[in-house]
Amino acid sequence: MDKARLTEVTARRTAEYSDGRQFAAEDVDQVLDALFGTVERPGTIAEALRAQQTVVLGSFGSFHATDDGAAEFRPGKALTEYLHDETG
């Protein structure tokens, strides 16, 4: 799934997580850029990792920087169970 498709699907799904209001795709795109960054500027996740902070996204998982400066993702329990079709 590329970023354009991710933006489109996420914008559509926002209505399910609110009072029925759907976010505009342009708004979702800006949030993704702010969170993950662009070529021109880092996102909040990258900035936190550079500051040696761990970014925890609830049961989805967490990002952290390794000792050699690489980024690593650890999936959370709920994501792992979903991917293994273990959710009820």
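**Exercise 1.** Is Asp33 buried, exposed or partly exposed?

*Solution.* Keep in mind that you are looking at a predicted model.
- Step 1: look up the value. The relative accessible area of Asp33 is 24%.
- Step 2: recall the cut-offs. Buried means under 20%, and exposed means over 50%.
- Step 3: decide. Asp33 is partly exposed.

**Exercise 2.** Find what the side chain of Lys3 pairs with, and work out which parts of the chain are joined.

- Step 1: start with Asp33. Its side chain and that of Lys3 form a salt bridge, at 2.4 Å from N to O. Lys3 belongs to helix H1 and Asp33 to helix H2, so this pair ties together parts that are 30 residues apart in sequence.
- Step 2: go on to Asp29. A salt bridge also joins the side chains of Asp29 and Lys3, with 2.9 Å from N to O. Asp29 sits in helix H2 (residues 25-36) and Lys3 in helix H1 (residues 3-13), so the parts tied together are 26 residues apart in sequence.
- Step 3: Lys3, Asp29 and Asp33 are linked in a network of salt bridges.
- Step 4: check the surroundings. Lys3 is partly exposed at 38% relative accessibility, and Asp29 is partly exposed at 28%.

**Exercise 3.** How exposed are the two partners in the salt bridge between Arg13 and Glu16?

*Solution.* 
- Step 1: confirm the contact. The side chains of Arg13 and Glu16 meet at 3.3 Å, N to O.
- Step 2: take each partner in turn. Arg13 has a relative accessible area of 38% and is partly exposed. Glu16, at 55%, counts as exposed.
- Step 3: The structure holds 8 salt bridges.

**Exercise 4.** Which residues form one aromatic cluster?

*Solution.* 
- Step 1: count the aromatic pairs. There are 2.
- Step 2: describe Phe60 and Phe73. Their ring centres are 5.4 Å apart with 45° between the planes, a tilted pair. Phe60 lies in the loop between strand S1 (55-57) and strand S2 (61-65), while Phe73 lies in strand S3 (residues 71-75), so the pair ties together parts 13 residues apart in sequence.
- Step 3: describe Phe63 and Phe73. With centres 5.0 Å apart and planes at 50°, this pair is tilted.
- Step 4: Phe60, Phe63 and Phe73 form one aromatic cluster.
- Step 5: compare accessibility. Phe63 is buried at 17%, whereas Phe60 is partly exposed at 42% and Phe73 is partly exposed at 30%.

How values were computed:
Residues numbered from 1 in each chain as written. Predicted model: local features only at pLDDT ≥ 70, side-chain atom pairs only at ≥ 80, totals over all residues. Heavy atoms only, no water. Salt bridge = Lys/Arg side-chain N within 4 Å of Asp/Glu carboxyl O. Helix = DSSP H or I, 4+ residues; strand = E, 2+ residues; numbered from the N terminus. Buried < 20%, exposed > 50% of the residue type's maximum accessible area, 1.4 Å probe, protein only. Phe/Tyr/Trp six-rings, centres within 6.5 Å; stacked < 30°, edge-to-face > 60°.
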